[in-house]
Amino acid sequence: MRNERINAGAYPGSPRAWLACLLLILLCLSVSPTRAADKTPQPLTFGVLPMGGPSESLEAWRPMLDDMSHALQRPIRSVSVSTYEGLAQALTEQRIDYAFVSGRLALQAVTQDRMQVVAQLTRGDGTLGYYSVLIVEKDSPIHKLDDIFSKPGHWRYARGEALSVSGYLVPETQLFASRKLDSDTFFSNVLIDNHQNNALAVVNGEADLATNNTADLERFAKHFPDQYARLRVIWKSSLIPHAVIIVRTDLPADLRDRVTQFLISYGKGRNAPQEVAKLQLIHDISGFRPAGNDVLTSFADIDYTLDQRRALSAQWVNNEAMKARLQKIEAAHELLINQLKSNRPLNLAAHTDGTP
């Protein structure tokens with residue numbers, strides 16, 4: 001009898017067998033979605049340097065990013081903001097995996113946000129960079145720099161954000177710091193906005209002069225040809241290296257390598273004509289070349305110059321205190337330059353005192 005009971009309990013139609021099958025089905029239902037989710041690659045988030053409006057920037061980059069998504073077999077989200085500060089905040093909060101940024105924003109991300117330069121854009125004309133400019137209205141009484149600096153507190157000035165290389169940092173370094181001046185206190189009024197709006201401010205008589213750059217002026221000429229014809233350039237800076245692509249250093253090494261390889265080969269393979277056409281939507285970008293943190297040394301020099309000016313113009317209890325501050329600035333700059341030239345991820349602990 002005992003054997004019969006055992007055999008009956010094992011029979012496929014028995015309640016015990018049905019219960020076992022039901023438990024197995026429930027187990028499969030609970031496990032299968034998890035396994036499927038594990039096989040779905042996490043999306044990468046790409047940050048876009050503001051060029052024009054945020055929607056314009058996203059639309060320009062989307063075709064290339066779609067190709068990257070296909071090549072990496074991974075979803076790619078894109079984020080564009082209206083300000084440099086907004087993009088910097090997103091990098092600080094680690095909401096961005098890789099980004100297209102200007103050199104100064106890249107320097108901040110490399111020194112503070114565990115990012116690393118992997119590529120630098122190239123343009124169709126073969127130039128190695130672009131230039132910051134000062135623009136005035138065509139019939140402005142300002143014809144040369146002396147017309148500006150001979151009248152402190154007279155003119156209205158439109159500039160870019162503090163992180164904008166051509167809109168603030170380069171003119172501040174090459175024009176104002178060299179004269180021991182600060183643009184924010186030199187002019188009667190200072191307007192802070194993007195390149196497009198600052199150019200329009202000059203045209204519309206809301207500012208007497210404004211910063212801009214050669215690349216953005218080309219874009220402005222295409223979108224606002226009549227307004228562009230009413231502008232005149234009165235100053236041009238030294239060459240500024242092109243913008244770069246930065247990637248989070250804590251991403252898996254193989255993923256970083258795949259992203260980098262895609263970028264530097266894009267527009268150069270068998271589909272080059274179609275890919276270059278997509279790059280042209282981003283305003284005359286012809287491709288990307290390999291690059292490292294060492295391309296940021298000129299931007300570290302800009303910070304060094306501005307830090308020196310602040311120290312020299314500050315109030316000190318004595319000359320020894322000022323000399324000590326200058327020596328600290330000098331030592332921090334030398335350390336940073338050496339780290340950038342090594343092309344290794346920076347030791348962030350070395351910059352906890354707030355120096356770049």
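Which backbone oxygen does the side chain of Gln73 reach? In this predicted model, the side chain of Gln73 comes to 2.6 Å from the backbone oxygen of His70.

**Gln73 and its loop**
- Gln73 lies in the loop that runs between α3 (54-72) and β2 (76-80), and its relative accessible area is 53%, which means that Gln73 counts as exposed, the cut-off for that class being over 50%.
- Although Gln73 and Pro43 are 30 residues apart along the chain, their C-alpha atoms are separated by 9.7 Å.

**Strand β4 and its partners**
- Strand β4, which spans residues 115-123, is mostly covered, with 8 of its 9 residues buried.
- Strand β12 (residues 244-248) runs antiparallel to β4 and is joined to it by 5 bridges, and within this pairing Gln116 stands opposite Val247 of β12.
- Strand β13 (residues 285-290) also pairs with β4 in the antiparallel sense, over 5 bridges, and here Thr122 has Gly287 of β13 as its bridge partner.

**Helix α9 and its ends**
- Helix α9, made up of residues 195-203, is mostly covered, since 7 of its 9 residues are buried; among them are His195, Asn198 and Leu200, together with Val202 and Val203.
- At the start of α9, a side-chain oxygen of Asn194 reaches to within 3.2 Å of the backbone nitrogen of Gln196, while just after the helix Gly205 adopts a positive phi of about 75°.

Terms used. Residues numbered from 1 in each chain as written. Predicted model: local features only at pLDDT ≥ 70, side-chain atom pairs only at ≥ 80, totals over all residues. Heavy atoms only, no water. Helix = DSSP H or I, 4+ residues; strand = E, 2+ residues; numbered from the N terminus. Buried < 20%, exposed > 50% of the residue type's maximum accessible area, 1.4 Å probe, protein only. Polar contact = N/O pair within 3.5 Å; in protein donor to acceptor, adjacent residues only side chain to side chain. Pairing = 2+ DSSP bridges.
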